[in-house]
Amino acid sequence: MKFDHIALVSKNIDKSLSWYSNHFDDFKINYKDDTWASCNLNGISLSFVSPHQHPQHIAFNITEKEAKTLFSEKIFKKHRDGTSSCYINDPDGNKIEFLIRPKDE
C-alpha cells in the first residue's frame, strides 16, 4: 500500500486550477474535464473533484491481493480511467479511498 493522491472538492474546476496555478510555482495540470482535474503540486498528486461526483478524500494505491485481504466485503467501483476503488471512513468521518490501478501502470 502506498500514497496515491489527495482529492479536494471544487465548486468550479477552472477557478480552482487558476488559483493553484497563480499561487504555486511547481503546479502542473495532468488532465482536466468539466468534473475533475488531476494535477501535480510539488511532487504530490492532487485532484479536484466536483461535489456531486466524489467526496473530499485521501487515497492509497493497493494491489488486487490487498483489496481481497483487507476489503473482501467492499465493492470496488470501476472508474472511467480504468482504476477501481472503494471508500471507507476513518473514526472521525474522513473519507479514505483505496484504489486499484490497472497492472500496466
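Let me start with the lining of the largest pocket: its residues divide into 5 nonpolar, 9 polar and 6 charged. Keep in mind that this is a predicted model.

The space in that largest pocket comes to about 400 Å³. It is lined by 20 residues, and those closest to the centre are Trp36, His54, His79, Asp81 and Thr83. As for secondary structure, strand 1, strand 3, strand 4 and strand 8, residues 95-100, are the elements that each give two or more residues to this lining.

Next, the second largest pocket. Its volume is about 170 Å³. Here 11 residues form the lining, with Asn61, Ile62, Arg101, Pro102 and Lys103 closest to the centre. By class, the lining of the second largest pocket holds 3 nonpolar, 2 polar and 6 charged residues.

Now helix 1, residues 13-23. Which of its residues are buried? They are Ile13, Ser16, Leu17 and Tyr20. Looking down the axis of helix 1, these buried residues fall within an arc of 95 degrees, so they line one face of the helix. The face turned away from that buried side carries Lys15 and Asn22, both exposed.

What covers the buried residues of helix 1? The cover includes strand 1 (2-9), strand 2 (27-32), strand 3 (36-41) and strand 4 (44-49).

Notes. Residues are numbered from 1 along each chain as its sequence is written. This is a predicted model: local features need pLDDT of at least 70, side-chain atom pairs count only at pLDDT 80 or more; totals for chains, interfaces and linings use all residues. Side-chain values use heavy atoms; hydrogens and water are left out. Buried means under 20% relative accessible area, exposed over 50%, partly exposed in between (1.4 Å probe, protein chains only). Helices (H or I, at least four residues) and strands (E, at least two) are DSSP runs, numbered from the N terminus. The arc is that of the directions from the helix axis to the C-beta atoms. Contact means heavy atoms within 4.5 Å. On a 1 Å grid over the protein atoms alone, a cavity is a set of points where a 1.4 Å probe fits but cannot get out, and a pocket is an open set with protein on both sides within 12 Å along at least five of seven lines; lining residues have an atom within 4 Å of a point. Grid points are joined across faces, edges and corners, and a volume is the space filled by probe spheres set on the points. Ala, Val, Leu, Ile, Met, Phe, Trp, Tyr, Cys and Pro count as nonpolar, Asp, Glu, Lys and Arg as charged, and the others, Gly among them, as polar.
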